[in-house]
Amino acid sequence: MFNMSNDAIQEKVKNSKLHSFDDVKELFYAYITNQESRKLVEDAYELAKEKHKTQFRRSGEPYIHHLIEVCYILATLNCGPTTLAAGLLHDIIEDTDTSLEEIKNAFGKEVCSIVNSLTKIQRMKLSHRPEDEFVAEDHRKIFLGMAKDVRVIVIKLADRLHNMRTLDSLPPHRQLALAKETLEVFTPIAHRLGINTIKTELEDLSIKYLEPEKYQVVVDLVNRKIKYGQKSLDSFTKRIVGILMEKNIPFELESRVKSIYSIYRKIYLKNHKPEEIYDLLAIRIITHTELECYEILGIIHATYTPLPGRFKDYIAVPKPNMYQSLHTCIISGDGNIFEVQIRTKEMDEIAESGIAAHWRYKEGTNYNPKQEQKEIEEKLHWLKDLVNLSENEETSDAKEYMNSLSHDIFEANVYCFTPKGKVIDLPAGSTPIDFAYKIHTGVAEKMVGAIINNQMVPLTTVLKTGDIVEIKTSKTSLGPNEDWLKIATTSFAKSHIRKFLSKKNANFVKDEKITRGKQACLEAFKNIGFGESQTFQYIEKPEVLSHFGFDEVDDLYVAISNKNPIPAAIIDFLGIRPKEEIRLDKKERFENDGCPVYVNGASKIAINLAPCCTPIPGDEIVGYITKGKGITVHRKDCPNIINEKQRLIEVFWKPNLEKGNYPVDIRITCNDRQNLLTDVMNVLNQNGIPVTAINAHLHTSTMETVINVTIYVSDSERLQDIFNILKNVKNVNQLERLIH
């Protein structure tokens, strides 16, 4: 049978008169027979008609016509009664005095939830605003809202399709804004959902307004090609029909013309010449089984010469939007080139309606929206990636988010396989690291190598379509490192690598603080005559943990390293008295061999650099006498001794002091951006600056990142040099030494 092509049917729908609600009923009555389900849709229509009765569109039509057309589009996709009702009510909260509570009471929780999501999207009024990052941020909210319930996506696509069909009634600047947003936001979603009928029309309508002159050039080209190629196409199809009938293979045959937008892309974006577009005219053969698809392909290749490199088997390897078909290009007897698509009826329905065809409303089934959403995410794993990306706070820059969305999800056109044959789709340039994270985060974090097509390869290897990739893992793997951030290309992988490194760094910092806290305790107790074992026996007593509010002793040591509490406070709580008192004798001079500071006229007494202000050679310093602890050297501006008058003593840096390394805590305040911490670490490493601890915190209220670093320097002059180096790092605003 030779049927009218699907494109022709769609064109007929577009150009037909306004539909009435009776037209909509005729469609959904064909697949919804339950009276309660029908009444749900009819009641939604009656409420919408009543609430919107005084409202008109810019074209002058009553507003209810828009809602009817949206519902008509949904009904052509065989959407269920909940989706149809929500489609009729999608503007009722925004444009009338109706409340969500009323919707919930009248139509139930599901309809209310969908209408609520659509209302939030509508209130953004995206295309009314100038192009800036706030629009991109709202696009993030749109994708997150839509991804959590696929019915919201389908209704929003139907709503946008009818708005685009009636764009002529809007002023030019609004036409351009809506067309641009449609092309950037809605057509990629329609494509990834496989709803080809909506995607194709949205693309064609968008380019009609965005590039009217180029659009007309393509239309004229298509008309010429059809005029001169129709006779050849008729002859070609007639022969194919004859052969298939002779072989007793069941089939339907349709002809089609390539979409305006796809031709526009080839000519103006890919720089193809018009004569290089071979698949402008095509036929589609629909049969019953996969086996018959391959049988028909063999017959066509045996009858006509196939064009080399143009055969695609999307049945064996479906596209990520579930599209399945065989594609081939053949050269007819008169030299014309035609594309032939071969598929089953079910494949054809999914090819045109995508996800909407796969989950068409089926009367009498126990519909579970959560289960359906879970099944959809399993079938369309990119949808889960979309949710993860939209929820990920690390992609805080909205434009960066949109770029990641476009790269990671919409441009994922490299198809690789696991050893068990599962298809993993990735953007161009992806590596085994990206592949591993697409499988599972746990797999990636234990990865130690990759095998591609039975050969061990470096992690930097760029994957190609058709590669079979095996990820080698080990329980002893150290996990991701900084270099992985340079190798991975997807935002999903990079985000998880950063999280891993951040957690790893936090654990490292905690271990360092535990060590510092223990050391501070040892020094304090040593000064009053106690050894290591006695010190920890005292510190780790349950009453000490309870008094200072800690459950774990390690947490107490971390707090001690932060000077809250200080070891002296623990000594006071325990009521411990020093075993001997130390007095100063001003007739002697003492130099502690382990300290760069000396004191005039002191007996042999311990001299230590204060950990609170970390003095270094070149700083102005003063000594603080502590009973039982000796002398602690502070910077003169240290707030811990600035008000002290009685117990200070003059101290000096040793002359001709050999250069050493002294710890200094510094704070770097910056405007937040991607890779900030990595850049700071790189600068420190490149300049040979030892780092023993680093941590960063983002203040979301100011979008400032504060980085605290412990570095080792020889003196204050070297520290100033380091400050000058760090000032050149992009987005660094302030540098300061810390005093604890």
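## Overall make-up

Of the 740 residues in the chain, 49% are buried, where buried means under 20% relative accessible area, exposed over 50% and partly exposed in between (1.4 Å probe, protein chains only). This is a predicted model, in which local features need pLDDT of at least 70 and side-chain atom pairs count only at pLDDT 80 or more, while totals for chains, interfaces and linings use all residues. Residues are numbered from 1 along each chain as its sequence is written, and side-chain values use heavy atoms, with hydrogens and water left out.

The chain contains 30 helices and 23 strands; these are DSSP runs numbered from the N terminus (helices H or I, at least four residues; strands E, at least two). Its accessible surface is about 36800 Å², and carbon and sulfur atoms account for 49% of that (Shrake-Rupley method, 1.4 Å probe; for residues, only the protein chains shown count as cover). Among contacts with a separation of 6 or more, 65% are between residues 24 or more positions apart; contact means heavy atoms within 4.5 Å.

## Helix α3

Helix α3 covers residues 35-51, 17 residues in total, and spans 24 Å from first to last C-alpha, close to the 24 Å expected (1.5 Å times one less than the number of residues). At the start of α3, a side-chain oxygen of Asn34 comes within 2.9 Å of the backbone nitrogen of Glu36.

The buried residues of α3 are Ser37, Arg38, Leu40, Val41, Glu42, Ala44, Tyr45 and Ala48. Their cover includes α2 (21-29), α4 (64-76), α5 (81-88), α6 (92-95) and α7 (100-107).

## The sheet β21-β22-β20-β23

Four strands form an open sheet in the order β21-β22-β20-β23, with antiparallel pairing; two strands pair if DSSP finds at least two bridges between them. β21 (691-699) and β23 (732-737) are the edge strands, each with a single partner, so one side of each has no neighbour in the sheet. From one strand to the next the twist averages 20° (axes are lines fitted to C-alpha atoms, for helices over the stretch in contact, and angles run from 0 to 180 degrees between N-to-C directions).

β20 (residues 662-671) and β23 are joined by 5 bridges in the antiparallel sense. Ile666 has Arg737 of β23 as its bridge partner. Helix α30 (residues 716-726) packs on the sheet, where α30 touches β20, β22 and β23 and makes about 165° with the direction of β23. Helix α24 (residues 491-526) lies across β20, β21 and β22 (704-713), at about 125° to β21.

Ile342 belongs to strand β7 (residues 337-344) and is buried at 0% relative accessibility. Beyond its neighbours within four places in sequence, Ile342 contacts Ile285, Cys293, Ile296, Leu297, Ile300, Ile315, Ser325 and Leu326. Ile296 is 46 residues from Ile342 in sequence, with a C-alpha to C-alpha separation of 7.7 Å.

Thr614 sits in the loop between β15 (607-609) and β16 (621-626) and is buried, with a relative accessible area of 8%. Apart from neighbours within four places in sequence, Thr614 is in contact with Asp619, Arg635, Pro663, Val664, Asp665 and Arg737.

## Positive phi in two asparagines

Asn454 is not a glycine, yet has a positive phi of about 70°. Asn454 lies in the loop between β10 (447-452) and β11 (455-457) and is exposed, at 78% relative accessible area.

Asn731 also has a positive phi, near 80°. Asn731 is located in the loop between α30 and β23 and is partly exposed, with a relative accessible area of 24%.

Technical notes
A polar contact is a pair of N or O atoms within 3.5 Å; within protein, one must be able to donate a hydrogen and the other to accept it, and residues adjacent in sequence count only if both atoms are side-chain atoms.
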